[in-house]
Amino acid sequence: MFYRTDVNDHGLPHDPFKACVVPRPIGWISTMSPAGVHNLAPYSFFNGVATAPPMVMFASNGRQPHGAKDSLANVEETGEFVANLATWDLREAMNRSSAPLGPDVDEFAFAGLEALPAKLVRPARVAGAPVHLECVHHQTVDLPSNEPDGRNAIVIGQVVGVHIEDGLISDGILDLSRVQPLARLGYFDYTVVNEMFSISRPRSPKS
Ligand SMILES: Cc1cc2nc3c(=O)[nH]c(=O)nc-3n(C[C@H](O)[C@H](O)[C@H](O)COP(=O)(O)O)c2cc1C
């Protein structure tokens with residue numbers, strides 16, 4: 001099949017686009033409002049985009065009934081966020097934290113999660129998440145939006161501090177087989193990393 005995205009003439013009950021870009025890692029983004037309220041939400045338009053210095057991005061699409069999404073508003077107002085790694089064990093709390101709540105609601109408490117202090121930024125870390133990336137806002141890139149009141153904003157942050165659960169490092173390597181990170185597929189589907197394989201990079205051919 002082929003469809004044009006300007007008219008979405010796919011004839012399917014649901015837009016298949018997000019099922020065509022898979023799997024997407026989940027950035028479980030914690031921020032703090034200017035009033036000091038903890039905010040937490042999952043973003044699957046998330047990725048690492050550079051290593052030296054390390055940078056990550058998440059994309060906030062659309063809006064909440066009360067206005068801009070709180071994660072975007074808080075980062076733009078306070079300049080800081082933490083990207084927490086969502087895992088199989090935390091899947092229900094991760095999903096619960098996606099509820100469209102107002103900026104005055106502590107979403108750690110709402111999701112039944114303990115908030116751990118970060119070292120270099122004010123937003124909290126999710127207790128139980130095995131990796132936390134403390135980030136400082138670098139830039140927001142606003143993309144076109146089909147929603148008149150919505151934004152498609154890519155938030156780029158520089159990672160200034162990394163927490164890794166000590167027990168998950170084996171022989172100097174972060175043992176992802178024990179981390180079980182979640183990733184997003186299309187619709188309401190997810191996958192979990194529980195199978196891995198390695199392939200060595202090719203070397204440049206001798207001339
Ligand atoms: C697994 C998952 C991934 C999500 N990914 C995104 C995303 O990439 N961009 C987005 O705007 N919303 C995404 N959402 C929806 C937000 O989490 C939701 O709008 C949330 O209420 C935003 O909270 P905030 O206003 O506190 O930022 C996702 C939801 C789930 C459950």
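Start at the ligand: the shell of residues around it divides into eight nonpolar, nine polar and three charged. (Ala, Val, Leu, Ile, Met, Phe, Trp, Tyr, Cys and Pro count as nonpolar, Asp, Glu, Lys and Arg as charged, and the others, Gly among them, as polar.) The shell holds 20 residues, and the closest are A41, F45, D70, S71 and S98; a residue belongs to it if its C-beta atom, placed from the backbone, lies within 6 Å of the ligand. Which elements give two or more residues to this shell? Select strand 3 (38-43), strand 5 (54-62) and helix 1 (70-78) to see them. Helices (H or I, at least four residues) and strands (E, at least two) are DSSP runs, numbered from the N terminus.

Before moving on, two notes on what you are looking at. This is a predicted model, in which local features need pLDDT of at least 70 and side-chain atom pairs count only at pLDDT 80 or more, while totals for chains, interfaces and linings use all residues. Residues are numbered from 1 along each chain as its sequence is written.

**Zoom out**

Show the whole protein chain as a cartoon and you get four helices and 14 strands. Its radius of gyration is 18 Å, close to the 17 Å that the globule rule gives for 207 residues, so the chain is as compact as a globular protein of that length. (That radius is taken over C-alpha atoms, and the rule is 2.2 Å times the number of residues to the power 0.38.) Along its principal axes, the C-alpha trace spans about 55 × 50 × 35 Å. Of the 207 residues, 29% count as buried. Buried means that 20 or more other C-beta atoms lie within 10 Å of the residue's own, exposed means 12 or fewer, and partly exposed is in between, with C-beta atoms placed from the backbone.

Next, colour the open sheet of seven strands, ordered 3-2-6-9-10-5-4 with antiparallel pairing. Its edges are strand 3 and strand 4 (46-51), each of which pairs on one side only. Two strands pair if DSSP finds at least two bridges between them.

Now pick strand 6 (residues 80-85). It pairs with strand 9 (residues 131-143) in the antiparallel sense over five bridges. Show F81 and you'll find C135 of strand 9 opposite; E80 has V136 as its bridge partner in strand 9. Towards strand 2, four bridges make another antiparallel pair with strand 6, and I29 has A83 as its partner there.

Are the residues of strand 6 buried or exposed? Six of its six residues are buried. In a regular strand the side chains alternate between the two faces of the sheet. Here both faces are covered, with E80, V82 and N84 on one side and F81, A83 and L85 on the other.

**Over to helix 1**

Select helix 1 again. It lies across strand 2 (27-32), strand 3, strand 5, strand 6, strand 9 and strand 10 (151-164), and runs at about 50 degrees to strand 2. (Axes are lines fitted to C-alpha atoms, for helices over the stretch in contact, and angles run from 0 to 180 degrees between N-to-C directions; contact means C-beta atoms, placed from the backbone, within 7 Å.) Its buried residues are D70, S71, L72, N74 and V75. Just after the helix, G79 takes a positive phi of about 80 degrees.

**A stop in strand 10**

Click V159, which is found in strand 10. With 20 C-beta neighbours inside 10 Å, V159 counts as buried. Leaving out residues up to four places away in sequence, V159 touches P54, M55, V56, L133, E134 and C135.

Most residues other than glycine have a negative phi, and most peptide bonds are trans.

- V22 and P23 are joined by a cis peptide bond, with omega about -15 degrees.
- A52 to P53 is also a cis bond, with omega near 5 degrees; P53 lies in the loop between strand 4 and strand 5.
- D171 has a positive phi near 50 degrees, and D171 is exposed, with 5 other C-beta atoms within 10 Å.
- Q180 has a positive phi near 55 degrees and lies in the loop between helix 4 and strand 13.

How values were computed
Contact = placed C-beta atoms within 7 Å.
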